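Me: I would like to learn how to read a model like this one, feature by feature. Could you take me through it?

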Amino acid sequence: MSFSNLGLSDPILTSLAELGYSAPTPIQAEAIPLALKGKNLIAAAQTGSGKTATFALPMLEMLARGETQRKKRIRALILTPTRELAVQVCNSIEAYGKYLNLKALAVYGGVDYEPQKQALIEGIDIVVATPGRLRDLYTQRSIHFDEIEMLVLDEADRMLDMGFIEDITKIIDTLPVDRQNLLFSATLSRQVRELAKETIPNAIQLSVTKKSEGKPNIDQWLVTVDKDKKSALLSHLIKENSWQQALIFIETKHGAAKLVTQLEKRGIQAECIHSGRAQAIREQILADFKSGKIQFLISTGISARGIDIDELPLVINYDLPYPADEYVHRIGRTGRAGAAGEAISLVSKDDFKNLCMIERRLDHLIERKVVAGFEPRKEVPVSVLNFVPKNMPARDDSKDSRAKPKDKRVASKSSASTHGSSRSSTPKQTDKKDSSADNKLPFNPWGR
Ligand code: AMP
């Protein structure tokens, strides 16, 4: 299968060849011809599967045929959960559409309104937006939706997790009814299916992930360690293994800044990004990390989705996230586009409940290691896969929770009584989690 069989025209084929895309990924092969026929699609697409091109290529192909760049009137809208993803998607569209006379703009909060308004006045075909800023611009009449031909909801599950449902439905209510809709989501949870049912009529559902893509090639393991020894262990591992680059996830903004200082004291240069930092700084740091100028980037969940870093070899979970899907997205930053990756978690007793939920979500136990000199004083029990800590929501699928663990060495240590004694109902946080819903605005009257 080659891109030329999919119905794409020469200007797009030329830019794909220049980007080194020799053949479509499975989701591209399945979805692009359908999208070019104007079908509504709902796709369960794993991170790194090439989903950006899946919606961007038919969008460019279709838009190239009509009148372009009309003042304040956009023709295609892509909604994304985070600013970083909006910028990245916009960059991809510009690269794919290099030989077309189409203009794309990323619209997101945390930066001046004026350049975005000015660009819209000059004429933009495709807007890639986070929902909060987009609603704001619409309310200010800086953007009009009446000529929108295509809507893409990217990372729909993440947008719902971040509480954007009201923004999304209000935006959709103002779009022309006669439009094409594409929805991409890592997981087709009940909420995502409900959103799709209400907003996307007659959609074809694709789930290429399960049928043909298989699991990304990510070697996962964890080290058990006491919480107060994590930064020393991390420094030790970086030096011992001569790691050259890693994206290190941590739950809180405060924790991220503190870890930078702790690593620096041990001679390791690192930077951190979280929603409390200015947007321009976030973008610069991410660009420096992508170019290799920054070796170790500590990030809260804002980088867990969509962010694409060429050949990132290693993701480290300094603590474990909740919900469990977040773990899957975090580790999906490595092992992208068929490359091999490694994902390591530093797990203390405090992380136990989140570990249970993650292993249950993965349906297997993660291989454990103990590093000499960092043996935990507080032992981390081994999870059993059907364990649900009190008041944790049940998993939204019908997976057999009693599936056998992969690693028998580890499984033999499991202790149901330890799990049963859990008392607190939510994962313990010592600092407020960086929810990353920083694009949300307070409610303002919509559609005036
Ligand atoms: P995405 O899932 O859209 O974030 O894409 C993941 C990575 O795969 C990005 O670096 C894309 O540039 C790359 N990619 C997407 N489609 C292809 C393709 N057909 N061939 C080679 N690389 C691709």
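Reply: Here is a walk through confidence, fold, ligand and a few individual residues.

Me: What should I know before I start?

Reply: This is a predicted model, where local features need pLDDT of at least 70, side-chain atom pairs count only at pLDDT 80 or more, and totals for chains, interfaces and linings use all residues. Residues are numbered from 1 along each chain as its sequence is written, and side-chain values use heavy atoms, with hydrogens and water left out.

Me: What is the mean pLDDT of the protein, and where is the pLDDT below 50?

Reply: pLDDT is the predictor's confidence in each residue, from 0 to 100. Here the mean is 83, and 81% of the residues reach 70 or more. Over residues 394–430 the value is below 50, and this stretch has 56 contacts in the model beyond near neighbours in sequence; a contact means heavy atoms within 4.5 Å. Residues 436–448 are also below 50, with 38 contacts beyond near neighbours in sequence.

Me: How many helices and strands does the protein have?

Reply: Helices (H or I, at least four residues) and strands (E, at least two) are DSSP runs, numbered from the N terminus. The protein has 17 helices and 14 strands. Among its contacts between residues at least 6 apart in sequence, 77% join residues at least 24 apart.

Me: What share of the residues count as buried?

Reply: Buried means under 20% relative accessible area, exposed over 50%, and partly exposed in between (1.4 Å probe, protein chains only). Of the 448 residues, 55% count as buried. As for the surface, the protein exposes about 19,500 Å², and carbon and sulfur atoms supply 49% of that; such areas come from the Shrake-Rupley method with a 1.4 Å probe, and for residues only the protein chains shown count as cover.

Me: Which residues of α14 are buried?

Reply: Helix α14 (324–331) is mostly covered, with six of its eight residues buried. They are Ala-324, Glu-326, Tyr-327, His-329, Arg-330 and Ile-331. Their cover includes helices α7 (156–161) and α15, along with strands β8 (218–224), β9 (246–249), β12 and β13 (341–347).

Me: Which peptide bond is cis, with omega near 0°?

Reply: Look at the bond from Tyr-322 to Pro-323. Pro-323 sits in the loop between β12 (314–317) and α14.

Me: Which residues are closest to the ligand?

Reply: A residue is near a molecule if one of its heavy atoms lies within 4 Å of it. Here 14 residues surround the ligand, and the closest are Tyr-21, Gly-50, Thr-52, Asp-308 and Arg-336. By class, the shell has five nonpolar, six polar and three charged residues. In that scheme Ala, Val, Leu, Ile, Met, Phe, Trp, Tyr, Cys and Pro count as nonpolar, Asp, Glu, Lys and Arg as charged, and the others, Gly among them, as polar.

Me: Is Ile-294 buried or exposed?

Reply: Ile-294 is buried, because its relative accessible area is 12%. This residue lies in the loop between α13 (279–291) and β11 (296–299). Leaving aside neighbours within four places in sequence, Ile-294 is in contact with Gln-245, Glu-271, Ile-285, Asp-288 and Phe-289.

Me: And is Gly-110 buried or exposed?

Reply: Gly-110 counts as exposed, because its relative accessibility is 53%. Its place is in the loop between β3 (104–107) and α5 (114–122). Not counting residues up to four places away in sequence, Gly-110 touches Arg-83, Arg-133 and Gln-279.
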